[in-house]
Amino acid sequence: MSDVVEKTLTALPSLLSLDSQPGSAKLSSTSKLGNLIRGITELTSKHEEEKLIQCELSSIKEQVSSPNTTMRQMKELMVRTIYCEMLGYEASFSYIHAIKLAQQGSVLEKRVGYLAVSLFLNESHELLLLLVNTVLKDLQSTNLIEVCMALTVVSQMFPKDMIPAILPLVEEKLNHPKEIIRRKAVLALYKFYLIAPNQVQHIHNKFRKALCDKDPGVMTASLHIYLQMIQENPEGYKDLTASFVTILKQVVGGKLPMDFNYHSVPAPWLQIQLLRILSLLGKNDQSTSVIMHEVLDESLRRAEMNHNITYAILYECVKCVYTIHPKSELLEKAAKCIGNFVLSPKINLKYLGLKALTYVVQQDPKLALQHQMTIIECLDHPDLIIKRETLELLFRITNAQNVTVIVEKMLEFLRISKDDHTTIDLVGKVAELAEKYSPDNEWFIETMNTVFSVGGDMMQPDIPNSFLKLLSEGFDSVEEDRKLRLFAVNSYISLLRGEPGKLPQRFLQVISWVLGEYSHLRADLEPALVLRLLAKLLDMKNCSSETKSWVLTAMTKLCEGGSGVSVAQQVSEAYGSSLDTVLRQRAQELQHLSQDSELRARVLPRGAGLEPVEVDSSLSFLDGFVSEALAAGAAPYKPPHQRQEELAGTKALSLEPYGLSLPISMSSCITDRQSPTLLSMSSGLSGDSTDLSHKGGSATLKLDGVKRVWGREGYLSQKEPVEEPAQVEVPSPLRSPSQQGEADSSHSQTPSLTPTPESDQEKQQLASSLFVGLGSQSSVCLMGKSEPTTQRFRRKAKGHSTASSTSEQVSNSVISPPSTVDNLLCNNLLDSNITSELAVSSPQLTSRLSQGLAATNGTCDTDTELPESDRKESKPAVIRDSYVVAADPAPHEDPDRPKDLDLSSHLPAELSELSHSEITHLCTNQNLELSVCHVQKEDSLLLIVFISNSSDSAVQQILVQVDSDELEVSCLGDSPVEEVRSHSVAVCQYSLTVKRPAVHIELVGMVSYQLPVGSPQSAAFSYKLPLTSFIRPLTVSTEEYGTMWLAFSHDTKQNLTLISDGQEPLTATLNVLKKRLQLHVVEIIGMEGIVACRLLQDQPCLMHCRVHAGTLAVWLRSPIPDLPDCLIYHCQRALQGH
Amino acid sequence: MMRFLLLFSRQGKLRLQKWFTPIPEREKKKIIREMTTMVLARQPRSCNFLHWKDLKIIYKRYASLYFCLAIENHENELLALEVIHRYVELLDKYFGNVCELDIIFNFEKAYFILDEFLLGGEIQETSKQIVNRCIESSDMLQETMEEYMSKPAF
């Protein structure tokens, strides 16, 4: 279509001399701007341009500040300034004048003023505050154009803090008779929703009205908001599905005014927006998906015209079809569509086809098989972008059989790619594949070598870390481990003998660690030789000091034998006086340990990486030392906060952090309190300082807490391996020989599909090596969820993968039926009598609305809210903290949707209103099945056990025992269940109370029962739930908080990461904690915040947060031992997961 | 969501810039430089899409002018291409057979049209007629200001 604008501009100067251009626009060749532009085009050098512009700017500067300049002249000046800024010259002096112009000019001048403002400033610029008044005034103007301009500038940028000032006015505009105003108002609200979602919470129902607006433009605008909201919480809007479907049907059917057509396709932007919304709504939800099948089918059918825009719609359609609950008929059509894309000669369509394939192959790898020859062609495409996209696709279909070919292709690409972002991304993928599917040691180490040398120092730091972890943790067979390590050592020695100067720092670090740990595996290798090679690294110029300290550590591990010690001595002498303290430290260590081999063996035992470090947190080994010291007259140890109290007391300094808000109450509460240390306070005036080290001792070293952080981290890192083995490993389905055969046959057939000339054979060879293994895979799992893991390097403990994969299968449970009210509304959506319709149905509608709204936006404000991790509507992965440990091996696979639905209907009536956690399967024993969930009530936590009997006879004498070290379990209900009739479900309820806090609380149980025939049966189970389920907000005032704070003796401190997503970081972080952990934010004062919560029943825990040096210094106190420690763990997790 | 739109000439001279998210000035200059070099270096008959950091760059050349639009990763590339095309159509309708010079000398008009078409990084109005009506009604003020001022608001 470029012919529309095609215009030869061969002779720029000759055109410039023309006075006017054809068309409505006037070429202002006589204006000052015209002169400026012409002046610039005549220049030859950048230097001259600079001079000219500086001269221009200084003349502008003079004029704008002159009081005699009229607004009209100002407008002209502003246009010229915009031009100068566009050329890259700063003109910040004019910003204030732009605001002035927007404020004082007449409509036309105002327009330029607003434009200049929107181009010069951004929403965080301080001058923008000066615009608020102007915007307010214009929003109230009777002049439509002024209102439009104000709304336009508001939707582009507005200071977040000032939103409340204009919000009522913008809201009012939603009822404006003119549709353009309504549309812009909706978009302004959308912008507000993006930058400050809680500010617009209360107007969600107005969004619904905008959705039902008679003007399609306004309705389209409202979809932006809905897309955003549905993305955040698809469950809250299921009831709107039918409405969206109806709208789409009407659009596709061409019911909109011709105006909205784009190249005779009806409202493509609207269609695509709706398709996106539908795919979000239909994801993992069969009943919702069913509603949209018909319209999707129609969309696929209608979009036949050969134009980019129809392809854009088709692409979105295909994505939608593959996202929602599958329907084979639609999948077939969508697959055909993808075929059209991939086979298209147009390169843009090919690109999109590859992208669609990438999206789809996870579910349907067969599709890749169909297009294998095209994929091969794309792999050799001259356009790197196409190549890159193809690699992305290949990454998704990698398996143990084709991994070598695919990784080779990726590395090939890496060597030619110059883009850092691509390199980082691709290197990560190669590392992932290598770890997952590596065929043998040699290949693995060599691939990783390439990854490290190509990825250099840009790659994600977790790649080398996880590589080293893999090496040190090893796999199932000891012999294999040894071989792998030995191979790595060999390969690194030869690398170091080559040109180590070219290797990136990260790689050198990996090398030195591996050599330090494992070079002893090679018997013929002299440690002195390795030491010398390592020492050579130290002399390299580009070796960073971080690398040097890795090298020195490695040398420390190796220095033995006569010549080894002498090398070590040389090195330690050279670095013993280094300016870098870390290096000096390492050099000292090296020196001492190389001389004392006995000590070295104790400090750095060989193969220690395998043993988890045991930390004696009670420091009992110091008992003797302590009693000696006490006997010698030393003062007993006091925790830091007690010392501070004492200090504050004696010095009578007023250092209380809450002085701002509670100077009086604080001091009054102190006078009559019992000091936890039983020390008498000399003065009641001063309060406790929560953070004395920060406040008072800025000049001193902040040693307070440093040691504790270390201890804490050791504690936490130790935590992980303890929990992880408890998870159930999904047994990896190994491919049977018959399937293998199937795979082979499938690719031996494929070459006959596409008979192409020339380098044919080569390509087909490539194809068979690339697509091997796909055929069989597809028959195993059409939905592609359970990846067959013929994984070589299976980690001993693998994160939460099992937990998340099961939770993915479990999905939403409550689906509200499509509302007839909305149907009605939507059928009339485009009619003008919508308002009356709305009025008639409003009671019903509003009740529905309030339900929906409660689900969406309650999260931020209500204190009785459940944490996200336990709401049944939340996204699949959130129950990651409460996974099941079953004694029985197989049951993990089957908790499928209908069962979940079934069981939730058995919840006791009084609980069915409350949110419950996912119902998890505990164990199956013959025909008896146990499932469990927990329900959070405001002041208790209930455990619900479902006993379902699927046999034909009744099960009798059922006895369920639940017990836990950390909990007090009491059975609720009149009498425990004793009998379950055939094909029915019985429910037991237990109330849980925490006796002793722990990060995760584990329940173990046993069920015993008697079938009519046969001997008594029993089965064991266990269930884990996070401490957070027992946490409730504690509403206290700041004064009460102050009193409580001083009374509690157990505490812990830690620095947490701050979250800064646009908002003020402290508030944002506290909001996340509040949402995830149900804490109550008592008050935020400047950089400090105080938060309170309680552990059921009534065991308080207080938290003091302070923003310090980019982190959140948190101090927790509670009367319960261990509670602060456990809670800080969950805080960490909550913030990490964010 | 769209992140930014840049118009530049074959010589790499910037003709129009619109940033939909706040970006520091220095960063903007860097991006402009990167975009021009990246796009101008593209071979003919390559696809119109590029990867850049975590964004997709969609570009198209109309006569001597390059239109370059950055979108988020999950957005639809073809649709973005049509966004560019619709903008060109709008310019064309307004200027009547638009050329680079129209945009150079009347860049503020080009901005006004853009502001009616895209708002805050999203499509605001896709109907060609409505966008043009908006611009023209504001433009008309230039001629009939007096008359307009005496009238009550519409």
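Residues are numbered from 1 along each chain as its sequence is written, and chains are lettered from A in the order in which they are written. Because the model is predicted, local features need pLDDT of at least 70 and side-chain atom pairs count only at pLDDT 80 or more, while totals for chains, interfaces and linings use all residues.

**Exercise 1. Describe the contact between chain A and chain B by its residues, its area and its polar pairs.**

Step 1. With contact taken as heavy atoms within 4.5 Å, 84 residues come from chain A and 84 residues from chain B.

Step 2. The size of an interface is often given as the accessible area lost when the parts come together. The buried area (accessible area, 1.4 Å probe, that two parts lose on being put together, summed over both) is about 7,300 Å² here, and carbon and sulfur atoms give 60% of that area.

Step 3. Between the two chains there are six salt bridges, a salt bridge being a side-chain nitrogen of Lys or Arg within 4 Å of a carboxyl oxygen of Asp or Glu. One salt bridge joins the side chains of A:Asp383 and B:Arg42, at 2.9 Å from N to O.

Step 4. On the side of chain A that touches chain B, helix H6 (residues 107-120) gives the most, with eight residues; helices here are DSSP runs of H or I with at least four residues, and strands are runs of E with at least two, numbered from the N terminus.

**Exercise 2. Locate the salt bridge between B:Glu125 and A:Arg183, and state whether these residues are buried or exposed.**

Step 1. The closest N and O atoms of B:Glu125 and A:Arg183 are 2.2 Å apart.

Step 2. B:Glu125 lies in the loop between strand S7 (122-123) and helix H5 (128-150) of chain B, whereas A:Arg183 lies in helix H10 (residues 179-195) of chain A, so the pair joins two chains.

Step 3. Both B:Glu125 and A:Arg183 are buried, where buried means under 20% relative accessible area, exposed over 50%, and partly exposed in between (1.4 Å probe, protein chains only).

**Exercise 3. Examine the salt bridge between A:Arg388 and A:Glu392.**

Step 1. The side chains of A:Arg388 and A:Glu392 meet at 3.2 Å, N to O.

Step 2. Both residues lie in helix H21 (residues 384-396) of chain A, four residues apart, about one turn of the helix.

Step 3. A:Arg388 is buried with a relative accessible area of 8%, and A:Glu392 is buried with 13%.

Step 4. A network of salt bridges links A:Arg388, A:Glu392, A:Arg396, A:Asp425 and A:Lys429.

Methods: Side-chain values use heavy atoms; hydrogens and water are left out. A polar contact is a pair of N or O atoms within 3.5 Å; within protein, one must be able to donate a hydrogen and the other to accept it, and residues adjacent in sequence count only if both atoms are side-chain atoms.
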